[in-house]
Amino acid sequence: QVHLVESGGGSVQVGGSLRLSCVASGYGNDAIRLAWFRQAPQKEREAVGAVNTGSGLTHVADSVKDRAIISIDNHVKTIYLQMNSLKPEDTGMYYCAAGRIWATANDPLNSSNYNSWGQGTRVTVSS
């Protein structure tokens, strides 16, 4: 399995910004799909975005497409989630996930297609 470690979460005021990081290891130099998901209290887990580490192709969920950017630094095998104009509804646990390219190709934002998960980093947006 791919080992994933998230960081960068914390408490921020409404309208502020955060940059989350996910360091991936344990998969050599093969291309994989890395993604961000989040889960708010009493809500289902939802996708934020994903990136193909080989091609750089990204997908961003419609709910955050105007405020979120997914990027990658292949040299250090790290993906980032830059979120701006944060709202109270952005509060929750943010998880990094990894999956095979072919297993995630049809729906890169479907959590069931990923087989490796990090422990998560918490984001709290205060109002």
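This tour walks through the salt bridges of a predicted model, residue by residue. Residues are numbered from 1 along each chain as its sequence is written. Because the model is predicted, local features need pLDDT of at least 70 and side-chain atom pairs count only at pLDDT 80 or more, whereas totals for chains, interfaces and linings use all residues, and side-chain values use heavy atoms, with hydrogens and water left out.

Begin by selecting Arg38, Glu46, Arg67 and Asp90 together, since these residues are linked in a network of salt bridges, a salt bridge being a side-chain nitrogen of Lys or Arg within 4 Å of a carboxyl oxygen of Asp or Glu. The structure holds 3 salt bridges.

Next, keep Arg38 and Glu46 in view: their side chains meet in a salt bridge at 2.7 Å, N to O. Arg38 is buried at 7% relative accessibility, while Glu46 is partly exposed at 33%; buried means under 20% relative accessible area, exposed over 50%, and partly exposed in between, for a 1.4 Å probe and protein chains only.

Asp90 lies in the loop between β8 (78–83) and β9 (92–99) and Arg38 in strand β4 (residues 33–39), so the pair ties together parts that are 52 residues apart in sequence; strands here are DSSP runs (E, at least two residues), numbered from the N terminus. Asp90 is buried, with a relative accessible area of 1%.

Finally, select Arg67, whose side chain meets that of Asp90 in a salt bridge (2.8 Å, N to O). Arg67 sits in the loop between β6 (58–60) and β7 (68–73), 23 residues from Asp90, and both Arg67 and Asp90 are buried.

Terms used:
Helices (H or I, at least four residues) and strands (E, at least two) are DSSP runs, numbered from the N terminus.
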